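Hi,

Here is the structure we talked about. Have a look, then read my notes below.

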Amino acid sequence: MNDVVQEEMLNKTDKGRAELMPGQRQLTQRERALLLMADGRKIEDELFALFEGQGRVLADSLLARGYLVDDTPPPPPAPPPSPLSTPETRGPVPAVSADVFSGPRSVASARMFLFDLSERMFAPRDKALAQRYRDALREARELPAMLAVGQEMIADVERLAGSERADGIRERLARLLPEAALETP
């Protein structure tokens, strides 16, 4: 389920690598430490959390001065619209063989997907919101209640990450639910 959140990565530029060479001391010790850790594999949130939350300010400064570059991979192509979307928003559904779901359709699979979505999408950004969704999913024992929580989550995903990301999550959720659940009004 790695399509839930597009992680942002920072990496050193040539100027940044030169700064870390012996004898080169233009930056503060904290800036150099952050620069050393920016390897294109750590997500920005990890770097931003450094130095009692001052990592974001340091990273922004290093980006602006050309020591770091945002190496975030380009987003994957937008997934086809969801069967759960309204008729007005549905368009032609392109066949994408790489995105064909072959797992078991079940309420349990859909519930686990929503728990995972809460952890990946909300926990790094808003721990209270993630906890609220975890609690709501635990309480949602019936399918309609679980779907209501899922729709709230998707609305927050749309607010945080855009409509394309939300549409992709709707589509994935529809592929996890039993077909009978999709026919329920």
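The side chains of Arg170 and Asp167 are joined by a polar contact of 2.7 Å. (A polar contact is a pair of N or O atoms within 3.5 Å; within protein, one must be able to donate a hydrogen and the other to accept it, and residues adjacent in sequence count only if both atoms are side-chain atoms.) Arg170 sits in helix H9, residues 163–176. Helices (H or I, at least four residues) and strands (E, at least two) are DSSP runs, numbered from the N terminus. Arg170 is buried, at 15% relative accessible area. Buried means under 20%, exposed over 50%, partly exposed in between, with a 1.4 Å probe and protein chains only.

This is a predicted model: local features need pLDDT of at least 70, side-chain atom pairs need 80 or more, and totals for chains, interfaces and linings use all residues. Residues are numbered from 1 along each chain as its sequence is written, and side-chain values use heavy atoms, without hydrogens or water.

pLDDT is the predictor's confidence in each residue, from 0 to 100. Its mean over the protein chain is 76, and 72% of residues reach 70 or more. Over residues 89–101 it is below 50.

Next, strand S1, residues 9–12. Met9 and Asn11 point one way, Leu10 and Lys12 the other, and all are buried. S1 pairs with strand S3 (residues 68–70) in the antiparallel sense, over three bridges; pairing takes at least two bridges found by DSSP. Leu10 has Asp70 as its bridge partner in S3.

Last, helix H6, residues 107–122. Its buried residues include Phe113, Leu117 and Phe122.

Best wishes

Note on methods. Contact = heavy atoms within 4.5 Å. Expected span 1.5 Å × (residues − 1).
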